[in-house]
Amino acid sequence: MKVVLENLTKKFPSRNKKNPADVIAVNNFTFEIPDGSLVGLLGPSGCGKSTTLNLISGLLTPTEGKIFFGEDDVTDLPPEKRGVGLVFQNYALYPHLTVMKNIIFPLENLKGKDKLTKDEMRDKALDIAKLVQIDTLMDRKPSELSGGQQQRVAIARALVKMPRVLLLDEPLSNLDARLRLQTREEIKRIQRETGITTVFVTHDQEEAMSISDLIVVMKDGIVQQVGKPQEVYDEPINLFVAKFLGTPPINVFDAKIKDGRLYIGDDCVLDTPNAKDGEVYAAVRPEGFILDDNGSLTCKLKAVEVMGRDISIVSSNTNCHADAIRSIISSENAPKLGTDSVKFTLKRNKVFVFDKVTEARIDI
Amino acid sequence: MENKNFKAWLYLLPAMIFLGVFMVYPLIDVFIYSFEENFTSSSQTYTGIGCENYSYILRDPYFLQALKNTVILVLITVPLSTGLSLLISVGLASIKRVRHLFQTVYFLPYVTNTLAVGLVFMILFRPTEHSAGLVNLFLSLFGISPIDFIGGPYFAKMFVLCLYTIWVVMPFKILILTSALASVNKTYYDAARVDGTSRARIFRKITLPMISPMLFYLIITGFIGAFKAYSDAVALFGTELNVAEMNTIVGYVYDMLYGEGGGFPSYASAAAIILFVIVLTITCINLLVSKKHVHYN
């Protein structure tokens with residue numbers, strides 16, 4: 001089931017008396033989610049990603065715009081008629097019911113010709129429990145489960161009625177780091193096996209990048225960029241997207257373009273034949289630095305961190321926005337470092353140049 | 001470890017002393033009195049030990065009347081007041097605009113003096129030289145002949161007593177239930193809505209279990225409170241409750257101690273012990289029932 005969002009806008013009335021203008025949580029969001037794909041809505045908190053999810057679920061109604069599931073216009077349908085499964089951030093498992101009863105709960109709501117017998121409900125619940133691997137925990141109460149198990153129960157409860165669309169709100173934020181890795185693989189697997197179109201919300205770029213077919217980067221209610229994770233990472237269209245994706249984060253420098261060359265301070269780091277002269281931001285991915293004694297960018301060496309596979313060189317430069325420049329270099333050809341300064345050559349495809357005013361990407 | 005124990009007992013000591021002196025000792029004392037025949041406080045003497053006191057009061061028509069009144073009062077007011085409070089609280093929880101005003105209004109009877117409320121009920125129900133009372137005035141609009149609610153037939157008096165009791169106990173219940181309802185996490189309702197749960201089912205399967213500990217607390221204290229009713233009857237019918245056929249068990253105990261024909265601590269003690277046993281039994285039954293239906297988290 002593809003999901004189409006058409007000029008979706010959600011305004012909330014202002015609670016601030018001094019500033020009575022409406023708060024625009026989602027602004028003119030147009031996007032088509034392909035059938036059977038896993039889409040990550042990504043952005044900092046307050047960017048409208050959860051609002052978008054709630055608009056799709058029907059818990060909120062849009063101020064403007066339309067939502068289609070396949071060819072059906074569901075904009076005015078209440079949540080129960082849309083056939084969505086929603087997994088809440090805190091899971092919202094009914095604490096007084098066992099795992100089995102929690103999973104059966106949505107099935108018991110079915111009426112008329114969809115009504116199931118008790119045995120059918122049990123079978124369905126068991127099938128879905130096997131899929132998320134909690135079939136041995138059916139008689140427990142939610143309080144007797146670990147965070148990861150609760151999360152699986154929540155997914156099972158959302159899936160049991162075979163929703164047209166599965167929505168996950170910050171599905172991994174309540175799990176510890178190791179469980180998070182495991183569970184995100186699990187979500188991907190479950191989504192693959194069921195083939196249900198899935199939208200999930202996260203503020204963790206790594207999480208979104210690792211499992212999504214498509215990511216949507218949002219800021220202040222406005223969609224910044226949509227694309228496959230690698231594409232968005234390799235070709236960010238503005239400074240915000242470049243800064244938001246990637247760990248360690250991208251290194252941003254004050255720079256200028258003069259006579260077809262990019263300068264950071266007085267160091268000429270790249271040829272930029274296509275760009276106009278002027279003040280710009282230059283952003284370099286951590287993996288974009290090459291240690292080179294003849295390199296053009298000179299930085300003050302601060303520390304070298306060994307991480308096994310890679311080494312991370314921490315240096316500083318007065319033109320960098322952050323105190324520390326982080327660069328990742330493979331440990332196999334680790335150079336000897338001992339001096340106060342370090343010199344780099346930059347990889348052209350890892351350097352992005354942005355306009356100082358609009359922060360939009362400039363072609364170099 | 002021993003040091004810790006000592007400290008713990010030290011902290012418990014003030015409460016234990018007060019409970020011991022004012023609760024446990026009197027309870028034991030009353031229990032002993034109830035088996036001492038013809039005990040008199042002034043001479044501290046008794047004529048024998050046995051169950052005579054119990055067999056006397058269980059044959060005393062005034063006690064049986066009081067027992068009957070108390071049981072009727074409990075059976076009518078506890079379910080009605082709890083149910084009505086639940087309805088009102090759910091109503092309050094679902095309105096937004098003037099909610100606080102209503103909350104205050106519903107709480108007012110709680111801070112109003114029992115006797116003042118009694119006075120209001122008098123105006124409503126008691127016939128005067130000039131009229132038959134406000135309620136009768138209203139009833140006469142429908143062609144119903146005046147009923148004497150204060151000095152008239154038994155059912156009319158019991159009706160007023162129950163109404164009065166419900167009115168007095170509801171504010172506290174509403175207060176507790178509104179806060180219980182407000183503390184239910186909203187995402188449970190959202191989750192249920194997305195799954196297409198009807199409102200009735202949400203209430204039955206989610207709201208009720210979530211607030212069940214509070215509801216249970218109100219039912220238990222409601223039972224205990226109603227069994228101990230006395231001042232309500234006095235506020236409506238005065239102190240001559242036996243004459244008015246509106247006495248309660250606690251009223252009977254009081255009469256036996258200090259009333260017109262009083263001065264019988266043994267009978268009073270026996271009645272008090274019977275009340276204690278009834279309340280204990282009911283509370284135990286409540287606790288047993290609650291094991292299945294109350295969900296603590």
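**View 1. The two domains of chain A.** In this predicted model, chain A is divided into domain 1 (3–238) and domain 2 (248–362), with bounds that come from an automatic or database domain assignment. The centres of domain 1 of chain A and domain 2 of chain A, taken over C-alpha atoms, are separated by 39 Å. Residues are numbered from 1 along each chain as its sequence is written, and chains are lettered from A and ligands numbered from 1 in the order in which they are written.

**View 2. The contact of chain B with chain A.** The contact, in which paired residues have C-beta atoms, placed from the backbone, within 7 Å, takes 16 residues from chain A and 13 residues from chain B. Helix 8 (186–194) of chain B gives the most to the side of chain B that touches chain A, with six residues, where helices are DSSP runs (H or I, at least four residues) numbered from the N terminus.

**View 3. Helix 7 and helix 9 of chain B.** Helix 7 (residues 154–182) of chain B packs against helix 9 of chain B at an angle of about 160°, with axes 10 Å apart; the axes are lines fitted to C-alpha atoms over the stretch in contact, and angles run from 0 to 180 degrees between N-to-C directions. Helix 7 of chain B is therefore roughly antiparallel to helix 9 of chain B, a term for angles over 145 degrees. Among the residues that meet here are Val169(B) in helix 7 of chain B and Leu218(B) in helix 9 of chain B.

Terms used:
Predicted model: local features only at pLDDT ≥ 70, side-chain atom pairs only at ≥ 80, totals over all residues. Contact = placed C-beta atoms within 7 Å. Helix = DSSP H or I, 4+ residues; strand = E, 2+ residues; numbered from the N terminus. Parallel < 35°, antiparallel > 145°, perpendicular 65-115°, else oblique.
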